[in-house]
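Hello,

Here is the structure I promised to hand over. Please open it first, then read the notes below.

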Amino acid sequence: MTGAAPTPARPVTLRPATDADLGALAALLSAVNPRHPWTAETLRRELDALRGHPLGLHTAQWLAEDDAGTLLGATSVWQFGGMYHPDRYHAEVSVHPDARGQGVGTRLAAFMDAHLRGRGAREVLAGAYEDEPHSLRFLEQREFREVMRFFDNVLTVADFNPDAWAHLTLPGGLRAVSAADLTAELGADAARRAYYAGWLAAREDVPRTGAATPVSYEEFLKRLDRPEVLPHATLLALTPAGEVVAVSELYRDQHDPQRLNTGLTGTHRGWRRQGLALALKVAALRAARDLGAREVWTGNATTNQPMLALNERLGFRPRVAWIEMKRGDLDG
């Protein structure tokens, strides 16, 4: 038996993406990764945050279209403010499911590689899900290698029983307060500065593939102005002296009104192993139930065993892993 003839390469035209393309680009990205869909508005906000970052981050996108102007795929190159180095870039090639196997991804990847070489990139991060072997091979053929894995962990709120955790208490005179309650107690500026200090401390040991970039107070405030922020579902562990020593954040999902997403959950190094993260996550899940959420999603590196174990105790269950891959090395 002979194999089917390969699909011939499709005529493709590449051009820079503009803001007028955001709706079509969001639809493409959602078709490629329905686990994390986009809208034109959420894509615009992400791009605005990159373009307006004080580090002067690089961001560029190109579209692949056929002769009829149908969007077949896209490639993006950007720098991330939370893990910045002038020679580190993040890259993505996205091909619509209906256009795969026709040479579109190869054209986009070649264009992307030329752009990165022109900028002198020394390290490039990309990735794919573990159930996408074609995408993983595509990256491996271009000299990317695995450096880390991340799970989406999902909890069905109806399965969460808050009464089972009624015995939890915070040590050392600490109390759990929401960001909204802290603002009511201290005023907006004092509450935000306390939250910022605790957030910075909790962020120190988040697993990542490069060193964390310092985040200014001004950049932190921009996070709080995003429409998905839920001050009543952002829980903080507060000492009697008013220091925030642990944080657990929940955000609205902009595509599913019954889904909430976890932001940072973490504890100041001096207060770890005392149950603070667990107590705050339980309080946050109570808030999620009160908000009528169906699901709560959180992302965890497979190397973060303490947080994975905590989430499993609460009823979170892992989905397919995202595999972070890297080409080049800033240390090499």
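Start with helix α7. Its buried residues are Y217, E219, F220 and L224. They span an arc of only 160° around the axis, so they sit on the same side of α7. Part of what covers them is helix α6. Bear in mind throughout that this is a predicted model.

That leads to the packing of the two helices. A helix pair is described by the angle between the axes and the distance between them. For α6 (residues 188–203) and α7 (residues 217–224), the angle is about 105° and the axes are 11 Å apart. Roughly perpendicular means 65 to 115 degrees, so α6 is roughly perpendicular to α7. On the α6 side, the contact is made by D189, R192, R193, Y195, Y196 and W199. On the α7 side, Y217, F220, L221, R223 and L224 take part. Two of these, Y217 and F220, are also on the list of buried residues of α7. By class, the contact has seven nonpolar residues, four charged ones and no polar ones.

Helix α1 covers residues 22–32 and helix α2 covers residues 40–51. Their axes come within 8 Å and cross at roughly 100°. The two helices are therefore roughly perpendicular to each other. From α1, the contact uses L22, G23, L25, A26 and L29. From α2, it uses A40, L43, R44 and L47. The class count here is seven nonpolar, one polar and one charged.

Now the charges. Side chains of opposite charge can pair when their charged atoms come close. How many salt bridges does a search of the whole structure find? It finds 30.

1. D48 and R51. Their side chains meet in a salt bridge, 3.9 Å from N to O. The cut-off is 4 Å. Both residues are in helix α2, three residues apart, so about one helical turn separates them. D48 is partly exposed, with a relative accessible area of 41%. R51 is partly exposed too, with 44%.

2. R122 and D87. This salt bridge has an N to O distance of 3.3 Å. The pair links distant parts of the chain, 35 residues apart. R122 is in the loop between α3 (104–118) and β5 (123–129). D87 is in the loop between β3 (71–78) and β4 (88–95). R122 counts as partly exposed, at 37% relative accessibility.

3. D113 and R327. Here the N to O distance is 2.9 Å. This pair also links distant parts of the chain, with D113 in helix α3 and R327 in strand β12 (residues 317–328). They are 214 residues apart. Are these two residues buried or exposed? D113 is buried, with a relative accessible area of 14%. R327 is buried as well, with 17%. Buried means under 20%.

Finally, the network. E41, R45, E46, R226 and E228 are linked by salt bridges. E41, R45 and E46 fall within the range of helix α2, residues 40–51.

To recap the helix pairs: α6 with α7 is at about 105°, and α1 with α2 is at roughly 100°.

Best wishes

Note on methods
Residues numbered from 1 in each chain as written. Predicted model: local features only at pLDDT ≥ 70, side-chain atom pairs only at ≥ 80, totals over all residues. Heavy atoms only, no water. Axes fitted to C-alpha atoms, helices over the stretch in contact; angles between N-to-C directions. Helix = DSSP H or I, 4+ residues; strand = E, 2+ residues; numbered from the N terminus. Parallel < 35°, antiparallel > 145°, perpendicular 65-115°, else oblique. Contact = heavy atoms within 4.5 Å. Nonpolar A, V, L, I, M, F, W, Y, C, P; charged D, E, K, R; others polar. Buried < 20%, exposed > 50% of the residue type's maximum accessible area, 1.4 Å probe, protein only. Arc of directions from axis to C-beta.
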